[in-house]
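This report describes side-chain contacts, helix geometry and backbone angles in a single model. The structure is shown first, and the description follows.

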Amino acid sequence: MSDADRIKELELELQRLMEEVDKYRTATEDALQQLDWCIGFFTGSNKSNIAKSLGANRAYIRRHLLNRAEANMPTSPSS
């Protein structure tokens, strides 16, 4: 196999992997939106302990899995 063929093969593999990363990123964003909805629901239902626990999980996911800074919840007062 020539170097050019190997480079082309690696480029195609990289493209496939980036498409897979995009799918997981989209799924993660969708899951965080659903988690946000749940937090808002439990906050509105006066179940603040559940909302607080879910909020901590959300913060962990953002910080440790997505390497992003925590964002204010829609139900949180702005700073």
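Which residues are buried in α1? Leu 32, Leu 35 and Ile 39 are buried there, where buried means under 20% relative accessible area, exposed means over 50%, and partly exposed lies in between (1.4 Å probe, protein chains only). The buried residues of α1 pack against α2, with contact taken as heavy atoms within 4.5 Å. Helices (H or I, at least four residues) and strands (E, at least two) are DSSP runs, numbered from the N terminus.

The model is predicted: local features need pLDDT of at least 70 and side-chain atom pairs count only at pLDDT 80 or more, while totals for chains, interfaces and linings use all residues. Residues are numbered from 1 along each chain as its sequence is written, and side-chain values use heavy atoms, with hydrogens and water left out.

The length of α1 can be checked against expectation. At 1.5 Å a residue, its 42 residues should span 62 Å, and the end C-alpha atoms are 61 Å apart, which agrees. The expected span is defined as 1.5 Å times one less than the number of residues in the helix.

A salt bridge is a side-chain nitrogen of Lys or Arg within 4 Å of a carboxyl oxygen of Asp or Glu. Six salt bridges are counted by this rule. One of them joins Glu 13 to Arg 16, with the closest N and O atoms 2.8 Å apart. Both residues belong to helix α1 (residues 3-44) and are three residues apart, about one turn of the helix. Glu 13 is partly exposed at 35% relative accessibility, and Arg 16 is partly exposed at 40%.

Arg 16 also meets Glu 20 in a salt bridge, at 3.3 Å from N to O. These two residues are four apart in helix α1, and thus about one helical turn separates them. Glu 20 has a relative accessible area of 30% and is partly exposed.

## A link between α1 and the segment after α2

Another salt bridge pairs the side chains of Glu 29 and Arg 68, at 2.4 Å from N to O. Glu 29 lies in helix α1 and Arg 68 in the segment after α2 (48-65), so the pair ties together parts that are 39 residues apart in sequence. Both partners are partly exposed: Glu 29 has a relative accessible area of 27%, and Arg 68 one of 32%.

Through salt bridges that share partners, Glu 13, Arg 16 and Glu 20 are joined into one network.

Arg 58 is located in helix α2 and counts as buried at 6% relative accessibility. Its side chain makes a polar contact with the side chain of Asp 36, at 2.4 Å. A polar contact is a pair of N or O atoms within 3.5 Å; within protein, one must be able to donate a hydrogen and the other to accept it, and residues adjacent in sequence count only if both atoms are side-chain atoms.

## Positive phi angles

Most residues other than glycine have a negative phi. Just after α1, Asn 46 takes a positive phi of about 55°. Asn 46 is found in the loop between α1 and α2 and is exposed, with a relative accessible area of 73%.

Asn 67 likewise has a positive phi, near 55°. Asn 67 lies in the segment after α2 and is exposed at 66% relative accessible area.
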